[in-house]
Amino acid sequence: MQHDTSSLPVTVISGYLGTGKTTLVNHLLRNAGGRRLMVLVNDFGELPIDLDLIESVEGDTINLSNGCACCSMGGDLFNALVDVLDRSPRPDHLLIEASGVADPVRIANIARAEPDLKLESILSLADAKTVADMIDDPLVGKTVSHQLAASDIILINKMDLVGTINRRQVTDLLSRAAPGVRTIETVFSGVPIDMALGIQLPENPGKIIEEMTGTHSDIYLKWSTSTETRLNRDDFESLLGKLASQTLRLKGIVYFSNSEDAHIVQSVGNRCVFERSTESSFPGLGKTRLVAIGLKNEMDCSALDGIFRQML
Amino acid sequence: MPITIFQAKKIITMDPARPDATHVAVQDGKILGVGNLEETSGWGAHQLDTTFADKIIMPGFVEAHCHLLAGGMWKYLYVGFHDRVDPDGNLWKGVSSIEDVLERMTQADAELPPDQPLIAWGFDPIFLKHQRPVKTDFDGVSSHRSIVVMHSNFHVMTVNSKTLEIAGYSAQSTVDGVLKGEDGTPNGELLEMAAMFPIMRRLGIDFRSLGRSREAVTAFGQVCNRVGVTTAADLLNDLDDENVDELQGITGNEAYPIRLATMLNALSQTAPETVALALAAKARSTDKLRLGGVKLVTDGSIQAFTARLRWPGYFNGAANGIWNIAPEQLKTTVDLLNENKIAMHIHVNGDEAIDAALDATEYAIARHPRADHRITFQHCQMADRAQFRRMKKLGVCVNLFSNHIYYFGDQHAAITIGPDRAARIDACRSALDHGVPLAVHSDAPVTPMGPLTCAWAAVNRMTGSGKVMGKNECINISEALHAITLGPAYTLGMDGQVGSIETGKWADFAILEDDPTTVNPLDLKDIVVWGTALGGIIHKIA
């Protein structure tokens, strides 16, 4: 693969008007947790920045006090991306907020094509209250369905506004409109940053079953494991699908028996990617480590342990 | 100030009170009087200028939908199927075989410094009698220089092996739009922005700067001058202060031969910001730089299958096109712009997009009635008569893309929308029959700039293969001349200053070698343009 760990990860945030994209971007900027995010806004909505976060404004770019930045790209994604790639230093992660009617695949494809970028994921938002109407809308229905079906993960937002029966209807509807796409229920676009943008590996791994802290602990679960044993690549690849099916996100450094190099593995929803690491040293060199996040009601940590042990 | 009286063989004024004249008196850049020598001499001491004694003078043509890129593209090598004239007046014959393309490129390669990429534009393989060219064809031109051949639709490029290398494309690439040959390696053809991005970035191919540089704006003025255009509207721009400063500087030069209108892209910022920017820009207008209008892009284009069509959709079964703005957002945006009395140019091609724009316009003007809004639907190619009736009721103007009949008409009948709907594209007759103010345009560089060609297309409705498409939509020559002068001037809100030769208006003229009202209608596009005058200053084609 041409992409490696030095490529800038890109997350495309998709969703029709009013689904909460702006709220999500604001939430992620506020809870960036040390990551230097750069957000390109491809919408005609207000720049989604709370005033108290703004440190300075230069032209179309707003710099935030936590190292993040937000940039209005107007109608010109090409030049906005060229500018981001020319920045020094580059941000840790690029978020592209697509317009309400944009095809997220067309944006994601740029990250797939450009060697200095890599696609992290397509996140879509659906408004639990209106998604059924939007999918049936004669003018934008197909656009909305395509956005949802093309995603790695759908955040079903504003779930607090619908009752239990409607909740069921919404999830059924999405499983038809976006078959196989993993969904998360959210309120005010609230989602942990590792869930939204991918996991950052902890410095000191150890086998832990850790409940997520804060407001999300009732929904998500985190699992991690490690081993000094080198893995057989074929075994690992065939079991990865099983791990991924229980988790929403998985990330790890893996050492295979047939290679000296560290490999980075990452899965989001149902999609897995491998990258060969360009960094010569990781903390705990030679030690395979995996971390995953999933929904409490979907993920069974002891089952994951079992799957992982089969590889050893 | 001194008075100059220009004598002509004939002056076609477009003013029904005095349709023909022989003399026009000019003072301070404005028309002082129109008539014969005796009538125009009544203003007093003057100088008689007989430069045009054997020429036809018309009002300077108004091209109300084109792009500054029409000047900038000539930085690159033209390899299109149709003849084009560059800003310096060189005729670039259309290429009809791959051998011609390669020969032209080989010649350019020899003249180019070794470290520069060779970039060509306007390529249209469907017209070439040869199987679709691939990387190896261009490797023959150069194996060590990057070669990029941009297709005429700007959505596809074909590149040589060296260029594939710099983007890292190989047999292992799984990128959408990187086409592969039978041997499993990329064949050089790259579809859509994503696949083209790594190459454009690395070779510095940037259409925005191509349309913004001083060279581009200057070349654009020359392109206009060659075809008799004295007022041109650049239909999409992200205007910042710096850009306005530069445009003021360039257009302010007496040697710059046109009045330039440029429309702010309404989709680059929020609607309230668009209002503020448009009003601020408007205040910076000069006699030669007209600002304050905005452009809203609703759907895509028919030939790229990105226009939004109503049932039954595309003739070849292609999926419906794309919205560039959600219909409900179009509604609220048009509403706010209308409330603030901003001039709006709304791009619509497909009939579903036209409905959406009509709904938005109706909603907006019902909420904030505005007597003279001149909202103009740009392209508006698939409008049917029911839609023209609504446009009339709502006071909407149309600027139809008549050149499409010639350049794309055959494909529209065979592939995109089928023969029946193709027969009614760019329905000039329907517009006039329903009393909808009409202009026609080239959208240069999409098709070559040339108002007489646009008029020719509207009069004859002839396709590239020589068929007449939708004869009932033909208009007559005087209607077509109106659609390249006063018609577009009206859509730009400039019909009080340009578009006809009348006392009090700017002395902007197109100087022609023949009389368009008496030539064979099929020869309309071949009338030779001698040059123009702008504010009484003569700009002979260099």
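**Exercise 1. What is the mean pLDDT of chain A, and what share of its residues reach 70 or more?**

This is a predicted model, in which local features need pLDDT of at least 70, side-chain atom pairs count only at pLDDT 80 or more, and totals for chains, interfaces and linings use all residues. Residues are numbered from 1 along each chain as its sequence is written, while chains are lettered from A and ligands numbered from 1 in the order in which they are written.

Step 1. pLDDT is the predictor's confidence in each residue, from 0 to 100. Its mean for chain A is 86, and 89% of the residues of chain A reach 70 or more.

Step 2. Over residues 205–209 of chain A, the pLDDT is below 50. Where pLDDT is low, the predicted coordinates should not be read in detail.

**Exercise 2. Describe how strands β13 and β14 of chain A are joined.**

Step 1. Strands (E, at least two residues) are DSSP runs, numbered from the N terminus; two of them pair if DSSP finds at least two bridges between them.

Step 2. β13 (residues 262–268) and β14 (residues 271–276) of chain A run antiparallel and are joined by 6 bridges.

Step 3. Val268(A) stands opposite Arg271(A). The hairpin has 2 residues between its strands, and Gly269(A) in the turn has a positive phi of about 55°.

**Exercise 3. Locate the domains of chain B and count the residues in contact.**

Step 1. Domain 1 spans 70–207 and domain 2 spans 211–537, with bounds from an automatic or database domain assignment.

Step 2. Their C-alpha centres lie 30 Å apart.

Step 3. In chain B, 13 residues of domain 1 are in contact with 16 residues of domain 2 (C-beta atoms, placed from the backbone, within 7 Å).

Methods
Contact = placed C-beta atoms within 7 Å. Helix = DSSP H or I, 4+ residues; strand = E, 2+ residues; numbered from the N terminus.
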